[in-house]
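Student: I would like to go through the aromatic pairs of this model with you. Could you start with the terms as we need them?

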Amino acid sequence: MVEMDTSLLTTKFYVPIPSPGLVTRTGLLERLKDSVNYRLILVAAPAGFGKTTLLSEWILQIRAAINVAWISLDEGDNDPRRFWDYFITAINNIEPAVGETALALLHSGQQISFESILTTLLNGLTSVSGDVVLVMDDFHYIQSPAIHNDLTYFLEHVPPGMHLVLSTRADPPLPVSRFRGKGTLLEIGADDLRFSREETASLFIEMGIQSFSDTIVDAMNTKAEGWVAGLKMAALSMRNKEDLDTFVADFTGSQRFVTDYLFEEVLLQQSEEVRTFLLQTSILDRLNSSLCDAVCGRVDSENMLVNLDSSKLFIVPLDDSREWYRYHHLFRDLLLHQLEKVYGDNEVKRLHLRASQWFEKNKFLDDAINHALAAEDWEKAMDLISEPEVQARTVASQAILNWLERIPEDVLLTRTRICMNFVYGLMMTGRYDEAETWLTYLDDIPENDTLLPGKIDAARGAIASFTLDFLRAEEFAKKALSVLPENDPDVGVACGILSGIYFNQLRFLEAEPLVKKHYEIFRQMGYTIHTISPLTMLGFIAFLRGNYHQAVSRYQEVIELAGKYPALGNPISNAYLMIGCVYHHWNDLKKAASYQEKAIEVFQFSDAQGSLNLDSVYLHLAGTRMAMGETEKAMDAMEKADQLIKDSQDPILRARNIASHAAIALSLGDTGSASRWIDALMELEDSIPLDAATHLVDIRKGKDIARKELEDRYDFFKSQDCKTVLIGLRIRQALISDQSDEALEYLSDALTMGKNIGMIRPLVGFGQILAPLLRRAISKNLEPAYARKILDMIIEEENQRKSRQLEMIPSSSTTGILSKRETEILRLIADGLSNQEIADRLFITLSTAKTHIRHVFDKLGVNDRPRAIAKARDLNLI
């Protein structure tokens, strides 16, 4: 179970306790009963309209029947990571386990989008059977556009049982009109919150005003315009007034009146001791007796708080035990204003420093940092920011930027390690030019820290990598590795940069030791989530080497680690796909299909994004189903792949799709369709994948060109020890060779490698064209047992293919020669639809429609539409 982050202030989760004797807002409470029919409840009005009081009373009424969470927000919650930490923790407090995975992702240190984290939370919320209400009080403090955007995403995808209540002084920058139009928004505004004359009368009674007329009630309610704070202040004053008519005549009902009243009738009426306590503790967002003792230098704060609470002096208890309190917002604003006037800047800083010391001692490090900054004790603030606990939570985040931007630049530059925090914070929020400027400052600082140049180089490499300047990234990562000690965390950063570059350049021999180092450093540091990417790379390198068992082991470890973070669907899905590829190579087709289908399931469930495209998984599945003789299922998978890329102009996606169509056509013995697909593929020559209907591609290029390309590719991949690629290249070289001895030499090499690593299916996939060479290899005693196994499988599958074709030869009694999809297309042909109209009707690509039509023609033994329709009617197919 994920424990609550100790940096979160628990009192922010407490529902404020309504003051006894308050006026019950019956009509508004009835409206709030309908909240379960809305995803967003917006309570928006200026200060003093009773928003918090209304919501806290409502929560106390419903909490026995509905799971309710509360968060009191403040300015410090504008850091997205901190905001979502409170948000998810609040939900997790009432629905244990729902937000655990999302919190683990949030705290992992990985640069995961908040949208992905929220997707995980939303998936968890779908399992909750009842309603969940989350109230966010004082939402007007949240000014971060990033938070607003992510909250919009959450609201647009929230399951029916989740209800978010925002209490705010102004309408938030959310798509309120859209929610209103969809009927998913309940609004309570200032006009709704204004006291009616009956509520004003009830307030006067509750406040102890002995006698008043209806005229006075009407006049006070009109002048205050139903503003709760103004009426309450007036009632407090009216208790001591004999001439109510004169008071009513002078009353304005404005906020200025309230401020004046608070100063003259509340603050000045207190004893010097109480007034001093109020002013000194006004620097605190929340207060308890121990904290107040530390700030004020006294030992009786507990009694003081109890007395203030009992006298209802604008202090709000935050928990049932009345340990934590806060001041009413309007009252605190006045106190802070008076504090500056009475005490002056230096004394206020001393109060903040005392608060910082208490928060540090009690492990509230974020609050300790904020008060140290308010005290302008920059050194203390930087010491606190350097604490490992703070670093682990806030490195490269908006929170650390917010703190460090308050420190003067000349002071910041005296602490180079803190400056590096600032650089990574700027970098991770996309402010690369500013990050580079600060690195330039650090270049010019004389520093005894011998590691600093290497850390600067690592940071420059990271900036270059983020901005896709890979030559510069490589240069700086190498420089960092040349000077940093072996286990320095920034070595992990540099190794990650370099290994990623080399891996994408297919320089696997150079990438592998860097990937291993990257993995080991972050594993030792406990950054589990950072080990997933290098593990995935190591799995792929093992696969290319033909170390199949090692590849499976690596990918199973990826699944285990990444499984803790469901939002990371991409590496999980990729791991299942690659394990499926191993079983495909082993010719365990049933297991291969199972893993490929699991990859699809994980990808779709997790909203995965990134280098693994879902169409690719479907293409692999189609190939496996074809090898199993399950043509219909293979075509279904192809259709899904086609649909996923139908609007894509990416030549790589299109080329691998066309190559798969060509391979399936060859498996069906449809050389005509295969040839047409190869024609289309040759138009994308620069994007043709290595395993794309390879022999036909080689022939189409011309043997001389193909020989040179294959030789160059073989030399390169041999230097990288990629046996799974080398086997295919050797067979292609054998197939286009004009010299029988040379062809056998190439094939012998392929057979030896294939036998040693246990590869089966890719060789069988070459089909009948490889059979003559295999027979010659057997006659020459070249890996005869292995070659015989491959040859027998090719012959068996060819015989099965021919048998299926014979079974589909049309006759007067034939009723099942066409698949369900082909019959559907045949009917559309008979209805006169064009190829494009058929594609649009069935939501498939034009190329897929043409493939189906060609199959229909071939099965019916015709060459055009009129003959196809006539033949189908003769056979009673339509």
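Tutor: Gladly! pLDDT is the predictor's confidence in each residue, from 0 to 100. The protein chain has a mean pLDDT of 85, and 91% of its residues reach 70 or more. This is a predicted model, where local features need pLDDT of at least 70 and side-chain atom pairs count only at 80 or more, while totals for chains, interfaces and linings use all residues. Residues are numbered from 1 along each chain as its sequence is written, and side-chain values use heavy atoms, without hydrogens and water.

Student: Why is the pair of F13 and Y86 called tilted?

Tutor: Rings of Phe, Tyr and Trp (its six-membered ring) pair if their centres lie within 6.5 Å; planes under 30 degrees apart count as stacked, over 60 as edge-to-face and the rest as tilted. The centres of F13 and Y86 are 5.5 Å apart and their planes stand at 50°, so this pair is tilted.

Student: And why is the pair of Y583 and Y595 called stacked?

Tutor: Their ring centres are also 5.5 Å apart, but the planes are at 5°, so the pair counts as stacked.

Student: What makes Y583 buried?

Tutor: Buried means under 20% relative accessible area, exposed over 50%, and partly exposed in between (1.4 Å probe, protein chains only). Y583 has 14%, so Y583 is buried.

Student: Why is Y595 called partly exposed?

Tutor: Its relative accessible area is 22%, so Y595 is partly exposed. Y583 and Y595 also belong to one aromatic cluster, whose members include W586 and F540.
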